[in-house]
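Biologist: I am new to reading structures, and I would like to learn how to look at a ligand site, a domain contact and a helix. Could we take them in that order?

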Amino acid sequence: SYFTAIFIISRLMSIVGISKHWNIMNILPKLPPLDVADKLSVDPSAVESASQDFGHIVRSVPRAVLFPSSVDDIATLVKFSYDSSVPFTLAARGHGHSVRGQAMAENGVVVDMTSMKKHRNGTGIRVSSDRLYADVGGEQLWFDVLNETLKHGVAPVSWTDYLHLTVGGTLSNAGISGQSFRYGPQISNVYDMDVITGKGDIITCSPKNNSELFYAVLGGLGQFGIITRARIPLDPAPKRVKWVRMLYNDFTAFTRDQELLISTNGRRDSSALDYVEGSIMMDQGSPDSWRSSFFPPKDHKRIASLITNHGIIYCLEVVKHYDDQNEDTVDKDLRQVLEGLSYMSGFMLEKDVVYAEFLNRVQSGEVKFRSKGLWDVPHPWLNLFVPKSQISGFNDGVFKGIVLKRNITKGPVLVYPMNRHKWDDRMSAVIPDEEVFYAVGFLISSGFHDWEAFDDQNKEILKFCDENGIGVKQYLPHFTSKDEWIHHFGSKWETFQQTKHQFDPKMLLSPGQRIFN
Ligand code: FAD
C-alpha cells in the first residue's frame, strides 16, 4: 500500500544516512526536495508554538513547521503540496497575533515567516534611493520598518496601533489606526507586491499587472497567496507630535466632534490632524488598561470620579505632527482645529513626544502587562465596523445596554470613524456601505477560565446588532459557518470565491480562517 511504500523508502533513506528526514516522511505523503525538507521541523516546541496564537482560545496542531530561508523555499513547499496527490494545507504565520487561529494549519504545515528575517542579510527593508518607497519583506515587523525608514528621514503614513505585527499579517486584514481617516488603511498604501500563490507560482502584482491578484490579496485573509514583499510609499517623517485627549460625557457630542475632525468638506480641513481615534472609559475599562499611561497620575483621581459619576465617558484622541518648520506655529494651529469642540471643560490633556514614541505607544503597555503575567492570556476580541447612521443606536444598545450592564470589560474599547473613500472597493476587505463608518474594538484580556463570559458578551453584541438592523461588518473576522462568510462578504463573495479557485484551487492556504476548509 501507499503507506507501506513510504515506510520502506524511509527505512532505505535512514540506512543511507538521511534518517533526519524520517520524521518528515512520517508526516508528509512524500519527501519534498531535500533542501526544503531540511527546513521542516517537527520539533515539539516549534509545533507547540505554531499551535497557539495571541488569542489563546484556539489550538490547532500542524504536522510540521517550515523555517524558510528564502522565498524559493516557501514556493517549493507550496508547489510540492499543490502537485501532490495528497496535498496538505499551509498557513503563513506572521507574528501569530491573530486571536482565533487564523494563522494555524491543523494537520498541515505552518510557515514561520519570521525565519526569513535572519536570512535576508539586511535586505528585508530597502528604502529606495529617492526615498519615495520601501521594499519590505512580508515577514518584517512594522516596528522594524519604522526604525529602518526613520534612518532615512522618511516613514510610511498609515499604521496600526501596535507595531509588532508583520507586514504580511496586517495587509491580509487591512491595517487600521487613527491615521486611516486621512491616509486610508495600510492596504490602501501599497504600490506592488510579490506573492506566492496556492499553486506555488511567484507573481509580482500591482494595480496594473496581475491586478486581480493584487486586489484580492489586500484584505484577503491569506486566501490567495503568501506576501513575500510589499512596496510601501513613504513620506518625510515628522520629528515630534502633539498628542491630545479630550473627555466627553455626551456620546452625540463626542461623535459629532470626531466626524467634524475627519471631514474633508466640513469646517476643518482634514489635513489639519494626522491621527483621530477615540475610546470609551468605564469602571473596569480603559483607566485600568495599558493605555492608561497617557494620563498623568495626578489626574487619575478626578478622571476616575468622572467615570463613577457618569458610568461611561468617551475619550477623543488626536495627534498633530510637527518638525522644525512648524515648531513655532503648531500649538496655535492645533488650538484652532480644536476650538469649539464640546469636550468637558478642564478635561483636555496634552503630551508632546517624539514621533517614534507615539507610534510605538502600545509597547510600554505590553512591557507592563508582561511583567504582571497578563500578556499571554486569552484575548476574546471583537472588532466591528459600524455605519455612522447606526452608531448612536450602537451606543445605546451595546455600550450602555450590554457592556455597561455586564460591567466585565477588561481592556480598551476603541471607537473612531474613518472615511470609506480612502478604501478601495476592489480589495477583498469588507466595510459598511456608508461614507463614514466607525471602527469599534473590544480588546479584552481575560483569564484562562473566564474568557467564555466575554465571548458570550461578544455574541450578545452581535445578536443585538442583527436583531436591530445595525449593519455591522466584522474586522479580523471570525465565523464558524460558510453561510456567515457568504453574508460577511455580501456582493464580494462571488469574486472572492472565483479568485480563490483561480489562485488557490486546492484550498491550501490559510486554512485557519475557516472560509473554504
Ligand atoms: P498572523 O496572526 O500571523 O496572521 C494573520 C493572517 O494572515 C493569517 O491568516 C495568516 O495565515 C496570514 N498571513 C500572515 N502572514 C502572511 C503573509 N506574509 N502573506 C499572506 N498571508 C499572511 N490590527 C489593526 O488593523 N490595527 C491595530 O491597531 C491592531 N492592533 C493590534 C494590537 C495587538 C496587541 C494585536 C495582538 C493585534 C492587533 N491588530 C491590529 C490585529 C492584527 O493586525 C492582526 O491580528 C494581524 O493579522 C496580526 O499580524 P501577524 O503578523 O501577527 O499575523
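Biologist: By class, how many nonpolar, polar and charged residues does the shell around the ligand have?

Modeller: Bear in mind that this is a predicted model. By class, the shell has 13 nonpolar, 20 polar and 3 charged residues, and of these 36 residues around the ligand, Gly94, His97, Asp161, Gly168 and Gly169 come nearest. The elements β3 (90–93), α7 (167–171) and β10 (225–233) each supply at least two residues of the shell.

Biologist: Why does the ligand lie between domain 2 and domain 3?

Modeller: The ligand lies between them because domain 2 (27–113) and domain 3 (118–236 + 499–513) both give residues to the shell around it. The C-alpha centres of domain 2 and domain 3 lie 20 Å apart, and their contact takes 27 residues from domain 2 and 24 residues from domain 3.

Biologist: Which element gives the most to the side of domain 2 that touches domain 3?

Modeller: That is α5, with 7 residues, and by class this side of domain 2 has 14 nonpolar, 11 polar and 2 charged residues.

Biologist: Turning to the helix, which residues of α15 are buried?

Modeller: In an α-helix there are 3.6 residues a turn, so residues three or four places apart point the same way. In α15 the buried residues are Ile391, Phe394, Asn395, Val398, Phe399 and Val403, and what covers them includes α10 (251–262) and α16 (451–467).

Biologist: Where is the kink in α15 centred?

Modeller: The kink, of about 25°, is centred on phenylalanine 399, and just after α15, asparagine 407 takes a positive phi of about 45°.

Notes:
Residues are numbered from 1 along each chain as its sequence is written. This is a predicted model: local features need pLDDT of at least 70, side-chain atom pairs count only at pLDDT 80 or more; totals for chains, interfaces and linings use all residues. The bend at a residue is the angle between axes fitted to the seven residues ending there and the seven starting there. Helices (H or I, at least four residues) and strands (E, at least two) are DSSP runs, numbered from the N terminus. A residue is buried if 20 or more other C-beta atoms lie within 10 Å of its own, exposed if 12 or fewer, and partly exposed in between; C-beta atoms are placed from the backbone. Two residues are in contact if their C-beta atoms, placed from the backbone, lie within 7 Å. A residue is near a molecule or strand if its C-beta atom, placed from the backbone, lies within 6 Å of it. Ala, Val, Leu, Ile, Met, Phe, Trp, Tyr, Cys and Pro count as nonpolar, Asp, Glu, Lys and Arg as charged, and the others, Gly among them, as polar. Domain bounds come from an automatic or database domain assignment.
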